[in-house]
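Subject: Structure for you to look at

Dear colleague,

Here is the structure I said I would pass on. My notes on it follow below.

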Amino acid sequence: MVETIKNIKSYGLTASSEDYIEAIYELSDSGSKSVRSTDLAASLGVSKASVTKALKRLKENGLIEQLAYGDISITKKGQEYGQTVLQRHIALRSFLTNVLKIDSAKANEEACKMEHTISQETMDKWIAWLQENGIS
């Protein structure tokens, strides 16, 4: 697993904004290509208007760049943030499916909720435990 940025909660993003940056990170193949807002809306199951509003917040936080209604490019800071949110999600989902034997769809849903609320200190210890026990 990759190293997380030091304190994800210090950015002050909402759970919804974190879902957007995570989706942009994944859709951009870890930052190697730009993303269209229509693809983002389809991925998250939201309207284009919702995407436009969310992108404004992410742009204000320096996590993405977008020219007027153009493709979305994720910044270095956005890549780090998106990677961290995704890592949290994967670690939590892995624990739920591999250790607690929760159905993968339910585990994915629960991991998405948990990734936004768990403290960085607890998440770091959780990831360390997963690594020590060979669970990924």
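A residue is called buried when its relative accessible area is under 20%, exposed when that area is over 50%, and partly exposed in between. Please keep in mind that this is a predicted model.

Confidence

The chain has a mean pLDDT of 88, with 91% of its residues at 70 or more. Confidence is highest in α5, at a mean of 95, and lowest in α6, at 90. Where pLDDT is low, the predicted coordinates should not be read in detail.

E109 is in helix α5, which covers residues 104–114. Its relative accessibility is 40%, so E109 counts as partly exposed. A49 is 60 residues from E109 in sequence, and the two C-alpha atoms are 24 Å apart in space.

Which residue does E109 form a salt bridge with? The partner is K113, and the closest N and O atoms are 3.6 Å apart. Both residues belong to α5 and are 4 residues apart, or about one turn of the helix.

A salt bridge also joins E110 to K106, with 3.2 Å between the closest N and O atoms. This pair is likewise in helix α5, and because E110 and K106 are 4 residues apart, about one helical turn separates them. An α-helix has 3.6 residues a turn, so residues three or four places apart point the same way. E110 counts as partly exposed because its relative accessibility is 24%. K106 has a relative accessibility of 37%, so K106 is partly exposed as well.

A salt bridge in helix α3

The structure holds 7 salt bridges. One of them is between the side chains of E60 and K56, at 4.0 Å from N to O. E60 and K56 are both in helix α3 (residues 48–60), 4 residues apart, which is about one turn of the helix. Both E60 and K56 are exposed. Side chains of opposite charge can pair when their charged atoms come close.

The nonpolar core

How many residues does the largest nonpolar core have? The count is 20, and the residues with the most contacts inside this core are I21, I24, L40, L55, L58, I64 and I72. Two or more residues come from each of α1 (15–27), α2 (37–44), α3, β2 (72–74) and α4. Helix α1 gives the most, with 5 residues. In soluble globular proteins, nonpolar side chains tend to be buried together.

Helix α4 runs over residues 76–99 and has 24 residues. At 1.5 Å a residue α4 should span 34 Å, and its end C-alpha atoms are 33 Å apart, which agrees.

V85 is in helix α4. Is V85 buried or exposed? V85 is buried, because its relative accessible area is 1%. E22 is 63 residues away from V85 along the chain, yet their C-alpha atoms are separated by 6.0 Å.

K101 has a positive phi of about 60° although it is not a glycine. Most residues other than glycine have a negative phi, and most peptide bonds are trans. With a relative accessibility of 63%, K101 counts as exposed, which is over the 50% cut-off.

W126 is in helix α6, and so is W129, the helix covering residues 120–132. W126 counts as buried because its relative accessibility is 18%. W129 has a relative accessible area of 36%, so W129 is partly exposed.

W126 and A91 are 35 residues apart along the chain, and their C-alpha atoms are separated by 7.9 Å. W129 instead belongs to a nonpolar patch on the surface, together with V99 and L100. The accessible area of V99, L100 and W129 together is about 250 Å².

Regards

Key:
Residues numbered from 1 in each chain as written. Predicted model: local features only at pLDDT ≥ 70, side-chain atom pairs only at ≥ 80, totals over all residues. Heavy atoms only, no water. Buried < 20%, exposed > 50% of the residue type's maximum accessible area, 1.4 Å probe, protein only. Patch = residues over 30% accessible without salt bridge, like charges linked within 9 Å, V, L, I, M, F, W, Y side chains within 5 Å. Areas by Shrake-Rupley, 256 points an atom, 1.4 Å probe, with all protein chains shown as cover. pLDDT = per-residue confidence, 0-100. Expected span 1.5 Å × (residues − 1). Core = buried A, V, L, I, M, F, W, Y, C linked by side-chain atoms within 4.5 Å.
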